[in-house]
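Subject: Structure handover

Hello,

Here is the structure I said I would pass on.

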Amino acid sequence: MNQEKLLKRLQKPTGPVDVVIDTDTFNEIDDQYALSYLIKSDDRLNLKAIYAAPFFNSKSTSPKDGMEKSYAEILKILDLLDKPEYAQMTYKGSEAYLPDENHPVISDAAKDLVCRAMERPDDDPLYVIAIGAITNVASALLIEPKIREKIVLIWLGGHAHSWVDTYEFNMQQDVAAARVVFGCQVPLVQLPCLGVVSEFATTGPELSYWLKGKNKLCDYLVQNTINEARHCHMGQCWSRVIWDVTAVAWLLDEKFMEERLEKSPIPQYDHHYSFDPNRHFIKYVYKINRDCLFEDLFAKLAK
């Protein structure tokens, strides 16, 4: 992709767009907020597909198990939203992380993304919101590199470029996949975690005031967040970052965050970035305007 086209693709769209979301929904409590926020923003975001992403931590026994649990959690959120029609466009993703930077992990999610992207007109890209390990998207790019001309990728992954390391959950799970997406010149919007999106935190009293009792989805989100706070022994006074909402919000309103062009960093296997001034540009979000984004999130969820 030439630089002129790349820079044009990195401009924020002004009207409704078609999107897919790639999510490790069972991993934490923030994916559920992000998926719900996306579906409740249907005046701007036309959801075409949902992909379950792999994850491996104390909540799963393997990346495959994490993906399967995320798939089930997606269906649960759709039920709480009374949106069963989205279940038929929900796809299982990778059962393992990339073995290297040249070989994809074949999955229903990766295959659907390839087919869906290749059908796009050249002047109407598909927006891919990714809020987990980037395995599914990297696999699709390896299966068919031409899709980089057809999509714009918005990924919550890594830390701020000035941070001491890149040991962030989404990135460190599959560094090979991160290197694929940062290196292949796909139009990429990066929302870094520590140092940027870490500003987007809420508290138990705030959640209870704005969401508790509004509907069954809100009650689930509030209780799920409180349960995690208790599980993590946060004490009586706690806050929780709702990370993944910001990736959806990038498509909705310029006032929610501030951004700039940066040369694409190189994620390394020892969990730090390297930098090369000759690399292509990405869009880099460097500030979250916390209050106005939470105002929009709470209003939409409580409807």
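**Pockets**

Helix α1 (residues 3–9) supplies the largest share of the lining of the second largest pocket, namely 4 residues. Please keep in mind that this is a predicted model. The second largest pocket has a volume of about 270 Å³, and 14 residues line it. Nearest its centre lie Lys8, Arg9, Asp123, Pro125 and Tyr127. By type, the lining of the second largest pocket consists of 5 nonpolar, 1 polar and 8 charged residues.

The largest pocket holds about 530 Å³ of space. Its lining is made up of 30 residues, and those nearest the centre are Asn27, Glu28, Asn57, Glu228 and Arg240. Three helices each supply at least two residues of this lining: α2 (30–39), α6 (169–173) and α9 (216–231). Which of the helices gives the most to the lining of the largest pocket? That is α9, with 5 residues. The lining of the largest pocket divides into 11 nonpolar, 9 polar and 10 charged residues.

**Cores**

In soluble globular proteins, nonpolar side chains tend to be buried together. In this model, the largest nonpolar core has 69 residues. Tyr33, Ile129 and Leu191 are the residues with the most contacts inside this core. Helix α9 comes up again here, as the largest share of the core, 7 residues, comes from α9. There is also a second, separate core of 33 residues, with Ala49, Tyr51, Leu98 and Ala177 among them.

What does Tyr33 touch, leaving aside its neighbours within four places in sequence? Tyr33 is in contact with Leu207, Leu211, Leu221, Val222, Thr225, Ile242, Val245, Leu297 and Leu301.

**Strand β6**

Leu191, named above for its contacts in the largest core, belongs to strand β6 (residues 188–191).

Strand β6 has parallel pairings with two strands. With strand β5 (residues 151–156) β6 pairs in the parallel sense over 4 bridges, and Leu156 stands opposite Leu191. With strand β12 (residues 281–288) β6 also pairs in the parallel sense, over 2 bridges, and here Gln190 stands opposite Tyr284.

Regards

Methods. Residues are numbered from 1 along each chain as its sequence is written. This is a predicted model: local features need pLDDT of at least 70, side-chain atom pairs count only at pLDDT 80 or more; totals for chains, interfaces and linings use all residues. Side-chain values use heavy atoms; hydrogens and water are left out. On a 1 Å grid over the protein atoms alone, a cavity is a set of points where a 1.4 Å probe fits but cannot get out, and a pocket is an open set with protein on both sides within 12 Å along at least five of seven lines; lining residues have an atom within 4 Å of a point. Grid points are joined across faces, edges and corners, and a volume is the space filled by probe spheres set on the points. Ala, Val, Leu, Ile, Met, Phe, Trp, Tyr, Cys and Pro count as nonpolar, Asp, Glu, Lys and Arg as charged, and the others, Gly among them, as polar. A nonpolar core is a set of buried Ala, Val, Leu, Ile, Met, Phe, Trp, Tyr and Cys residues joined through side-chain atoms within 4.5 Å. Buried means under 20% relative accessible area, exposed over 50%, partly exposed in between (1.4 Å probe, protein chains only). Contact means heavy atoms within 4.5 Å. Two strands pair if DSSP finds at least two bridges between them.
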